[in-house]
Amino acid sequence: MDEPRISVLGTSGLLLEAPGELSVAAQQRIWGLAEQVRTWDGVREVVPGMTNLLLLFADLPRDPAMLADRLRAAWDTAPERRQGGRRFEIPVIYGGDAGVDLPELADRLGLGPREIVDRHCAPDYTVFAVGSHPGFCYLGGLDERLFVPRRAVPRLEMARGAVTLAGRQTGVTVSPGPSGWHVIGITDFIFFDPAATPPANIMPGDVVRFVPEQVLV
Amino acid sequence: VIEVLNATELVTVQDQGRFGYSQFGVGRAGAMDGLALKAGNLLLGNDPDAAGIEVPLSAFSIRFHAECAIALTGAEAEAWLDDEAIPGWWARSVQTGQVLTLAPARRGSHVYVAVAGGIAVPRVLGSRSTQLRGAFGGLEGRGLRAGDRLPLGNSDRQPAFCDFGVRPPLPAGQVQSTLRVIPAGEYAYLTTAAQAEFWRVPWRVSHRSNRAGYRLDGPVLEMARQVEMRSHGIVPGVVQLPAGGTPIVQLADAITMGGYPKLGTVIGADLWHLAQVRPGESVRFHRASWDDAIQAEVANAAFLREVEVAARRAHAAARCDIAQFMPVREIARLMRAHALCEVQVEADGNRLRLQSAPSAVEPVTAPHAGKILLSHRGSGNGCILRAGAMLARIETEAGLIAVRAPFDGIVRRWRVGEGDTVPVGTILLEMTRSTPRFGGVSAGQR
């Protein structure tokens, strides 16, 4: 079996990267590991990423190598953990002013704008991780025909609720900020509320489906 | 309440940051120079994690609508309380209605204004720091602007009277531009030449830098092996190498996940040094061991401990001065020693007012033994000063204390020089009053 890769993030923490493919099964093993590690003494928090896990130190450990060994051993026996499983429907207005990149993408991918929308809202997407900015969901399950490199020039301010895609990923911009992804639509779904517990509405393991409310092509 | 009179949107309310919410995509935020903000809080007897105001490279002014005490730490900037100059790393009592004005930092980048009791904006997800991307925390999740009103917290340990300072963690005006870095996951994928360059060359901080990260200009670093990274958790201090080949250092407002190759991580104890580097200035990376990192943490903690001890002594001294009953002769001696021209004592409905005797030339004496620092400008021979203006500072065992003009007047002659060590009561300089007063007899009677 391939070994995981463990590296140091300065005095902040340790990063474990799982070997193998990006799959729901591999991700479930990361969630299993996260459940154990977050209870360890000396661990302030854990951040599950895309088949990886960042462990953040509460205090500087005397010897990070010992903690790395413990992390490796925990990975070897980590069970796959099913979590989330709630289903969310995200209403989207595709195209038009809020989805300005749709015509250009259609040219680039050799698909009609309507077909891009159909392929984008067909799958059940699994939330692999939440991160980057508050409430942002990393979604697995994008149709291969929609894989496309990032924009050459990033936009300085992507709008709140922008439905975007780039690389092998699709996602919704939760709060305005810079982004190099292509925007194909917009939603008013609330992903994050700092006054709620937990503050993120959708969590890893949940399933997301995009529902076209309007298609402006 | 504090009223903001003038601010740029880069001025924010910050504490030591928000922890425990990375898994929801919420980054740390918090003061860029956490050490300076902690020290400012300790000067005032606050919890070191209390919220203060971060002022990056811009002018800023606020009016106080309550009696308060403030501390200025971090970058070197000219500051005035009304028209009294306040040095850096200094705590000062503030009267209702007074205005604090900061000029843009002269050296360093981030100035911190701490207030007794802390800035009492509501905690959101465990912290008062401003989360700019999420638009929450701080004041309405945004930078400050004129007209904003900031609530002040209550402090039961609020100092009675403050006018003292401490030595900054680095000698005045210095910024440490060599940062200790521990190599990270993809450092080994750089070519051998690029690895050597990473440690060797100065990296210029780009003007396209902000609280989220500093972009570094320098030679293009080549990877010996291209890697496709999956998005993973990152932290402030991580040095990434995007496709362009020049590094970015993630900082306080970093996003929580990234996928660029990581060359190293600036150790936590050195992030405050980086916060004080200005765009256009350069930094170098020094390869650090784990032991180096631990020692650096210990050094920061020792500095904060010194600040705390100095502040406790100064606060205790202030309380003692006010509380103690003293016979008149003793009061007169203290008036001389502290260069006070008038003292008022109230007890059981009686009021006793003592004024210093008139004289053509009046001495200003050292209120405490220590080393004289004449660094404050505009108080040389012949200068006309207002009462309260800073004349010199005295470096004592407990920290720095101020010598201020006891009355409106003119500096006639300095009797001590920069760096002199003097016992308490030494005559430092002679002043004459610019508007003579004679023992309470008003000028109209003559």
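Chain B is built from 5 helices and 31 strands, where helices (H or I, at least four residues) and strands (E, at least two) are DSSP runs numbered from the N terminus. This is a predicted model, in which local features need pLDDT of at least 70 and side-chain atom pairs count only at pLDDT 80 or more, while totals for chains, interfaces and linings use all residues. Residues are numbered from 1 along each chain as its sequence is written, chains are lettered from A in the order in which they are written, and side-chain values use heavy atoms, with hydrogens and water left out.

**Ser127(B)**
- Ser127(B) sits in the loop between strand 10 (107-115) and strand 11 (149-150) of chain B, and is buried at a relative accessible area of 0% (buried means under 20%, with a 1.4 Å probe and protein chains only).
- The side chain of Ser127(B) makes a polar contact of 2.9 Å with the side chain of Asp15(B), a polar contact being a pair of N or O atoms within 3.5 Å, one able to donate a hydrogen and the other to accept it, with residues adjacent in sequence counting only if both atoms are side-chain atoms.
- A polar atom of the Ser127(B) side chain also lies 2.9 Å from the backbone nitrogen of Ser129(B).

**Interface with chain A**
- Across the interface of chain B and chain A there is 1 salt bridge, a side-chain nitrogen of Lys or Arg within 4 Å of a carboxyl oxygen of Asp or Glu.
- Glu186(B) and Arg5(A) meet through their side chains in a salt bridge at 3.0 Å, N to O.
- Helix 4 of chain B gives the most to the side that touches chain A, with 4 residues.

Methods
Buried means under 20% relative accessible area, exposed over 50%, partly exposed in between (1.4 Å probe, protein chains only).
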